[in-house]
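Good morning, and thank you for the time. I would like to take the group through the symmetry and the chain contacts of one assembly.

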Protein chains: 4
Amino acid sequence: MDFAPSERGLMWRERLSRFIEAHVVPAEAEYRAQVHANPKVQAPVMEALKAKAKDAGLWNMFLPGEHGAGLTNLEYAPLAELMGRRLWSAEVFNCNAPDTGNMEVLHMYGDAAQQERWLKPLMAGEIRSAFLMTEPEVASSDATNIQTSIVRDGDHYVVNGRKWWSTNMAHPNVAMTIVMGKTDPDAATHQQQSQIIVPVDTPGFRVERMLSVFGYDEAPIGHAEVVLENVRVPVENLIAGEGRGFEIAQGRLGPGRIHHCMRVIGAAERSLELMVERLLTRTAFRKTLAEHSVWEQRVAEARTNIEMCRLLVLKAAWMMDEVGAKNAKSEIAQIKTAAPKMALQVIDDAIQAFGGAGVSGDTPLAELYATVRTLRIADGPDEVHNRTIARLEYAKHGGLRR
Amino acid sequence: MDFAPSERGLMWRERLSRFIEAHVVPAEAEYRAQVHANPKVQAPVMEALKAKAKDAGLWNMFLPGEHGAGLTNLEYAPLAELMGRRLWSAEVFNCNAPDTGNMEVLHMYGDAAQQERWLKPLMAGEIRSAFLMTEPEVASSDATNIQTSIVRDGDHYVVNGRKWWSTNMAHPNVAMTIVMGKTDPDAATHQQQSQIIVPVDTPGFRVERMLSVFGYDEAPIGHAEVVLENVRVPVENLIAGEGRGFEIAQGRLGPGRIHHCMRVIGAAERSLELMVERLLTRTAFRKTLAEHSVWEQRVAEARTNIEMCRLLVLKAAWMMDEVGAKNAKSEIAQIKTAAPKMALQVIDDAIQAFGGAGVSGDTPLAELYATVRTLRIADGPDEVHNRTIARLEYAKHGGLRR
Amino acid sequence: MDFAPSERGLMWRERLSRFIEAHVVPAEAEYRAQVHANPKVQAPVMEALKAKAKDAGLWNMFLPGEHGAGLTNLEYAPLAELMGRRLWSAEVFNCNAPDTGNMEVLHMYGDAAQQERWLKPLMAGEIRSAFLMTEPEVASSDATNIQTSIVRDGDHYVVNGRKWWSTNMAHPNVAMTIVMGKTDPDAATHQQQSQIIVPVDTPGFRVERMLSVFGYDEAPIGHAEVVLENVRVPVENLIAGEGRGFEIAQGRLGPGRIHHCMRVIGAAERSLELMVERLLTRTAFRKTLAEHSVWEQRVAEARTNIEMCRLLVLKAAWMMDEVGAKNAKSEIAQIKTAAPKMALQVIDDAIQAFGGAGVSGDTPLAELYATVRTLRIADGPDEVHNRTIARLEYAKHGGLRR
Amino acid sequence: MDFAPSERGLMWRERLSRFIEAHVVPAEAEYRAQVHANPKVQAPVMEALKAKAKDAGLWNMFLPGEHGAGLTNLEYAPLAELMGRRLWSAEVFNCNAPDTGNMEVLHMYGDAAQQERWLKPLMAGEIRSAFLMTEPEVASSDATNIQTSIVRDGDHYVVNGRKWWSTNMAHPNVAMTIVMGKTDPDAATHQQQSQIIVPVDTPGFRVERMLSVFGYDEAPIGHAEVVLENVRVPVENLIAGEGRGFEIAQGRLGPGRIHHCMRVIGAAERSLELMVERLLTRTAFRKTLAEHSVWEQRVAEARTNIEMCRLLVLKAAWMMDEVGAKNAKSEIAQIKTAAPKMALQVIDDAIQAFGGAGVSGDTPLAELYATVRTLRIADGPDEVHNRTIARLEYAKHGGLRR
């Protein structure tokens, strides 16, 4: 286990950090104001930042190989943590979910035409995309429950279904989606499903409504409930062939989960910083809050727990690099549950330190809490990941005996 | 400790419960739609419900003595719990904070003219009011920190200050506020402050902005940041005399805290019901969620903790009735911290049971979480109440020794 | 719910409290010394205290009706709490488990001869007894798992089996046991078992070894593993008839669990007192521990949680009095899990306040912790009681649906 | 951060693991039996194991440089974890506390005569030693509170004081102690103290009593309360010179704390293994416990938390190697609090899985719990370490402002 950053990793981190301090932090207020003023058009400041980031070569760093920065997961981790300090900033570097996952899928499974038509503009940051997997009617934590149908009809596939938590659907630039559905309900469990590209302007594709997260609309990104009614797309839009949907989904989830966790560490770190600043400057009962020893315990636990989670993220990333996502299954599940749980406690303590300012929009804390809370549910609830971890543990001792 | 409901108490509970089932529950969707459509005018369905409640005699039940239902705190508790199942419904019965506290203050400390001018329309539900105490610049948990000034100038007082978390300020019917401020910064600590009536249309009184709670605006009620700049009100608006502000504030907080806790029990109870319904009907891995034993533990803890908190609320209410708020200081502080903490856990577990629906607007859970989270801060953060409890405990053994 | 102590209840409490202060507290050190010096003989000071208690009429208070003090469960609760402050003191008043449960069983189900032979000396405090139910080989939380066999052979029953956690078996005065076993493994599930009296000097009855609890032997009481090998007892020793074992067991568990919980409240209350005394007198970093605010939070939570648990015990006791143990099933399960959990936290915090003295024999805390920890396992583990509570909750909404 | 085991590290781990499986595990029962039969003589099987370990070169591995195995802290960590699976086994390899700390002190600060007289037999495993620091009268977490006096009198020092938690004092081979005390109460705070060698047979040196940990005597090691009454030792016994006691104490605590934590990880790992074995084989309600999903959550959290703590131990060890204990102050404090807290939860869950067997001597769990619980107190309570961590955090933001 060598978590030492490579020289290349250090260099990237340094560059990204400098860029964020120089360009992102100063633009934060303006960006929020523009989004607030009109969430339906792309904020001009975001486009300006993207241009600068691209110029600086800080672009698509998440993507392995020559198309991105060629970073390992371990090298990318500290970059994701930096972006996690301001979750909106990932888009500046074209590193935001779910576009990252969609790009990975097209990169690995798309054919030349699909890559030309969709991957290219995504990589260029010209369009945004969504991933339509979760369905409101079923426990989607069990991917085999998916009910959306994808039926071949001549040169087309006809898609019918209802999806929700389709992130990015409010984005002014959203142009395409990747939809998961069943091409053959009678096939073996893990061969029933396929993934298919559906442009958002296809007839029958309808955003039914936008969902809130606690009271936030998470503009400009947004999460939608989408109805697909006899949506016809050419057969060329199918990715990698019928029946490979589950395989593709598995492939995307490993790095995706890790990226979320990396960002969560950054969010927790920033919350701790805000909390400490508050404790050192706010006075009650003739002492700063920092001098009330209950806060020593909370600050110390925050620091300790952040450290432990960061190390576990690094280990999971390192294992993905060294032995592949499949062999890092337990570690990925561990960090998927541990990081949000840790961060929620840190953020909640920070909220308490700020009092009224903590629950309002005067600090980023309440919105962070809401966002991180969804991560105990998204991509499978904690309970399902814990089940995975436990069963791997049981397997070491012979497994469940029936 | 006799927590048995009196016959009168049982009768009121039965009447209120029937009214809610018959009128409030069916109107919920319409009420939300009207508020959503135009939060700036009072929802017509609310006025209709208020008229019905008044007709049914289910009105001002919070107020002791002949002006209300003449109920004890112990008798009122189960009524508040019923209203807590839908927090918006308290207004139907003219039993919503902070109007209730303001009415109590005017009832106990207001003179005849103040009662005629303000208490009467409040009691009739014709106007709404706010209580302006907390200030953004200082730790208001220590009431002596208040910086707003109230300076006599001939026949007027001139008020200058900045307040926030002024609940009700977005309400279409809001007409007056009670403002806490210092009339004599040089007096003894607890004689420095006064409370004064300030109508919202007084020149210099300005709503600077509305505050969000985890993204919610809590329409139609709202929480405001208010600036008072050379606001002049006649000396007749002062309540009870200069220097009595702290005394009045203490008096209002006892019942107010208890009312909040009672409603929180109702909110937790409803969350548990929603969670159980979900667990019994949602299937994952070929079993209902209810059959996964981890949920047995959570449901059982929810039931157990709700029961314990309810008993503690009843005890605190009973003590306030029997020995007065002052002698129930520890019990009031205990339930002030215990009820929200308990409810947050129940609601959070319910959110987890619902998955995506839990964090969105499809269940009342996320908004409930946000509202209840503020109760660990409002009217003094947990840490300050725990300090009170601990010091009373220390006092039993001789107190802190310096 | 009227938890107000009756005049009679108050009087008993007052009398018991005075007796404990006058006689039990001063004798504690001597009692411990005598037990330590020779755990195999009854401590003379215990016999002296018992004589005094009997003289004072403070005897068998647990037993309802004319044979005891005729107290309700609600009236008995505060008495059990007082005894819980020093767990060893229950024997002084002939109110210690498992003798209390055995006396109840013989009182309710024993015939005249059994009562004359065994109940009388138990009531007189002349002998002690054990209850042999739990078995090492099976999850005894499911009572139907019991494997011990009771086979009729002419005028005798022959008992074979292995039991453990047979409390009291080290007591110098132990004379008899009540054994649970199967008389008919082919009967309906709840008619398979019976209870039978087995004197400890019956041939084939053998104490295999004594069990420790976190290193404590819990002298002079002790918990044994007992082997019964072809143990023959006359048919007259069977209690109430074949097949009624499960029914009798259920009957004994309700009050027994409540008694344990009542005592646990007393133990927690005493631990809090010890903690507070320590915090007020121990100095670190130039302040008493009490002045370090982290302890304010812990003391306040201890007080709050003790209050809530006490109220829940009272409610469960009141319900047993009013509607019977069967209808108080959820409440009994609730307090069975809540009280030990609460007490363990209070005791653990007290240990932390005492440092090295807390884990050693210099305070009663470590032994208390060990004893209370067993209560999360004894008479069914938390998980099983939570299952009961949850299923009653599910039943309110139609129950599990298959 | 390179936590990858070096080739040398891997080789040592492999050798130690093979030795433990071949010799230690098979001897466990015999060792316990011999200690139980006569705790006052060294168990012959221990001496036999020591001889084998020495032969195998698995000896004094804790000691850096040529005298030990020359391992880094990072390399030693996995070895300590292996020994932590059976805490008694550390003595087999001459790697048990507090002898390890004493040897380090003599190694670094002892002069040639002291090393010849005491270090040599300690390194050979011929004698055992104790470290007398903590005092019953004062909060020893603040080392400046120490009251024991060391007064020069001609060619001797006269030591007076009372110490407790002097580990090893029951060991049949204990021969010497290192005592911390004040040589100059008027010197600057951190120059007041010295450390001096006191053989246990010096007149005036008296073991007043042995302390229990929960109910365990922790034989054969034992923790004593020791009285030193006019104990005279030659001036040559002073270590490193007057006034250097605090410096020496600081030096010994870094590695010592880390070693404890490493062993705790091993103890937690073994507890998890025992728990999983139990869950897979115990049946309740017609399913193995492992199939009840509440256990999935607990097993998964145990695995996750062990992983995170292990990584934090490795990081702290690595930092001690790379930048020294002083610069790893926060990390050492973090793991000092995190590891026992984590392990206590794992052990407690394992106890619950075992039921009655868990609290008794039938599993190692209850004794492990007791031992690990002391680690939240020994070498400074959690609260003091958290204070350290928090203040380092505050310092990053300018520190406490007065």
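I begin with chains A and D. Of the interface residues of chain A, 100% are also interface residues in chain D, so the copies meet through the same surface. Please bear in mind throughout that this is a predicted model.

As to the contact itself, chain A contributes 36 residues and chain D contributes 36 residues. On the side of chain A that touches chain D, the elements giving two or more residues are α6 (245-281), α7 (293-323), α8 (329-354) and α11 (382-396) of chain A. Which of these provides the largest share? That is α7(A), with 12 residues. By class, this side of chain A holds 17 nonpolar, 8 polar and 11 charged residues.

I turn now to chains A and B. Chain B is superposed on chain A by a rotation of 180°, with 0.0 Å of shift along the axis and an RMSD of 0.1 Å. The two copies are therefore related as by a two-fold rotation axis. In chain B, the C-alpha nearest this axis is that of G215(B), at 2.2 Å from it.

Finally, let us look inside a single chain. Chain A is divided into domain 1 (7-95), domain 2 (122-239) and domain 3 (247-396). How far apart do the C-alpha centres of domain 1 and domain 2 of chain A lie? The separation of these centres is 27 Å. The contact between these two domains involves 10 residues of domain 1 of chain A and 7 residues of domain 2 of chain A. On the domain 1 side, the residues touching domain 2 of chain A comprise 4 nonpolar, 4 polar and 2 charged.

Thank you for your attention.

How values were computed
Residues numbered from 1 in each chain as written. Chains lettered and ligands numbered in written order. Predicted model: local features only at pLDDT ≥ 70, side-chain atom pairs only at ≥ 80, totals over all residues. Least-squares fit on C-alpha atoms with pLDDT ≥ 70 in both. Helix = DSSP H or I, 4+ residues; strand = E, 2+ residues; numbered from the N terminus. Nonpolar A, V, L, I, M, F, W, Y, C, P; charged D, E, K, R; others polar. Domains from an automatic or database assignment.
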